[in-house]
Amino acid sequence: MNEPAPQVIKMYAAREEIYPRETSGRYARLRWLCVWLTQLAFYCTPWMQWNGRQALLFDLVSRKFYIFGLVLWPQDFIYLAALLIICAYLLFLATAVAGRVWCGFACPQTVYTEIFLWIERRIEGKRSARIALDRQPPSAAKFAKKGAKHLAWGAVALWTGFTFVGYFTPIKFLGNEVLTLSFGPWEWFWVLFYSLATYGNAGWLREQVCKYMCPYARFQSSMFDRDTLIITYDTERGEPRAPLSKREEAKGGSCIDCSLCVQVCPTGIDIRKGLQYECIGCAACVDACNGVMDKIGEPRGLIRYSTERAMLMHYTPTEIRQRTLRPRVKIYAGILALIVVAVGTALWLRTPLKLDVIRDRGAMGREVEEGMIENVYRLQIMNTTEQAHTYRIRVSGMPTLTQVTPDLVRLEGTETKAYPIRLRSAHGAGNPGSNKIEIELTAVDQPSLHVEEHAVFFVPR
């Protein structure tokens with residue numbers, strides 16, 4: 001007896017190349033508007049100037065973050081953390097209301113894939129031409145088109161990497177280094193690293209990033225409910241499918257099975273099979289289907305933004321909007337509003353002057369001339385404004401406490417200075433041991449710029 005042939009189980013399915021078809025319509029225009037807005041902001045912001053320096057700069061070397069008129073120091077990291085929390089809650093709120101609208105219109109992966117696809121279409125042609133070109137044997141014409149495409153991709157990727165590094169190193173300084181060919185090793189590394197990431201993700205991986213690498217696709221369903229707007233196919237209206245020439249005899253629905261909704265999808269899914277985690281909500285299938293409906297004289301909306309409950313209950317657009325402010329959305333919006341108000345209030349009340357008092361532990365109160373007791377301190381002063389100020393130092397807390405060192409200190413804008421001071425007091429003025437004192441710092445030209453710190457004056461027993 002012949003033994004049955006062993007079955008081969010494949011653990012990995014080879015990637016099928018996706019050739020998204022170009023589409024036009026309301027959502028395509030909105031998507032390109034997002035491309036222009038996000039990229040103008042990304043590429044132009046590093047070149048903007050504010051008070052004679054770069055408006056937005058995360059200067060890791062100097063440990064200062066410049067955000068237009070705001071200067072943040074390592075001690076202000078909580079504000080950056082709060083900003084990330086605000087962005088997260090904005091994403092949660094948008095997802096609860098409109099599904100993966102961020103993924104479909106503003107995510108960097110979507111934006112750069114759109115840019116790279118535009119370059120590919122301009123050089124290699126429409127979808128059918130690109131498929132035919134890839135199936136052709138090697139030739140000079142094929143090599144020229146492919147080479148031109150990759151050169152264009154590389155130019156965009158390099159400019160993107162250069163701009164990204166310009167948020168951490170002054171971009172004018174980077175530009176001068178490019179012109180003089182004097183890039184440092186770390187600058188080369190980060191520019192090339194980010195350029196390669198852009199080139200690889202937008203040029204080669206594309207939908208693979210959204211389907212397998214992005215964690216957001218995996219946990220998005222936890223923020224969905226039956227009233228979340230998603231891309232939906234109207235099964236009742238569309239089925240049974242039938243070609244346009246056989247619709248009457250087959251008593252077919254509105255769907256003529258043209259497959260354009262599949263051809264335009266950047267992740268290659270068929271939305272008619274229902275909601276899938278690969279769907280990024282870009283609405284390209286909506287534009288394609290609406291165009292077909294216009295041509296065959298059918299109403300638009302066979303594929304549309306709707307909700308699961310609206311499809312079952314046949315809600316009107318007004319009824320869908322009325323269900324937007326449901327408890328989940330109100331909770332997200334309420335938490336977001338509270339965080340924004342709290343952070344805004346903290347920034348408004350934030351004193352742009354910081355003072356740390358460090359007592360010299362090597363001299364635990366020493367007796368000097370005339371029976372006076374002296375303590376030495378180091379004031380760590382941070383002027384977080386961009387204007388120079390002269391500050392007056394005042395001390396209090398003990399009857400005969402005096403300052404031996406000068407009581408005026410000047411700091412330039414965004415300067416940190418360690419300033420030593422010596423304080424003296426009569427031997428019997430304080431209790432033996434530790435005595436609480438206050439050290440006060442006030443700007444001479446701006447009395448409202450004021451900070452006070454507690455310290456200890458030590459009197460030997």
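The dialogue below takes up helix contacts and then pockets.

Mentor: This is a predicted model, in which local features need pLDDT of at least 70 and side-chain atom pairs count only at pLDDT 80 or more, while totals for chains, interfaces and linings use all residues. Residues are numbered from 1 along each chain as its sequence is written, and side-chain values use heavy atoms, with hydrogens and water left out.

Trainee: At what angle do the axes of α4 and α6 cross?

Mentor: Helices are DSSP runs of H or I with at least four residues, strands are runs of E with at least two, and both are numbered from the N terminus. An axis is a line fitted to C-alpha atoms, for helices over the stretch in contact, and angles run from 0 to 180 degrees between N-to-C directions. Here the axes of α4 (residues 108-124) and α6 (residues 140-165) come within 9 Å and cross at roughly 150 degrees. α4 is therefore roughly antiparallel to α6, given that angles under 35 degrees count as roughly parallel, over 145 as roughly antiparallel, 65 to 115 as roughly perpendicular and the rest as oblique.

Trainee: Which residues make this contact?

Mentor: Contact means heavy atoms within 4.5 Å. On the α4 side the residues are Y112, F116, I119, E120, I123 and E124, and on the α6 side they include A152, W153 and V156. The contact divides into 8 nonpolar, 1 polar and 5 charged residues, where Ala, Val, Leu, Ile, Met, Phe, Trp, Tyr, Cys and Pro count as nonpolar, Asp, Glu, Lys and Arg as charged, and the others, Gly among them, as polar.

Trainee: How are α4 and α5 placed relative to each other?

Mentor: The axes of α4 and α5 (residues 127-135) come within 9 Å and cross at roughly 75 degrees, and the two helices are therefore roughly perpendicular to each other. E120, R121 and E124 of α4 meet A129, R130 and L133 of α5.

Trainee: Which residues are closest to the centre of the largest pocket?

Mentor: On a 1 Å grid over the protein atoms alone, a pocket is an open set of points where a 1.4 Å probe fits, with protein on both sides within 12 Å along at least five of seven lines, and lining residues have an atom within 4 Å of a point. Of the 33 residues lining the largest pocket, L84, C87, W102, P108 and F164 are the closest to its centre. The largest share of this lining, 8 residues, comes from α2, and the lining as a whole has 28 nonpolar, 5 polar and no charged residues.
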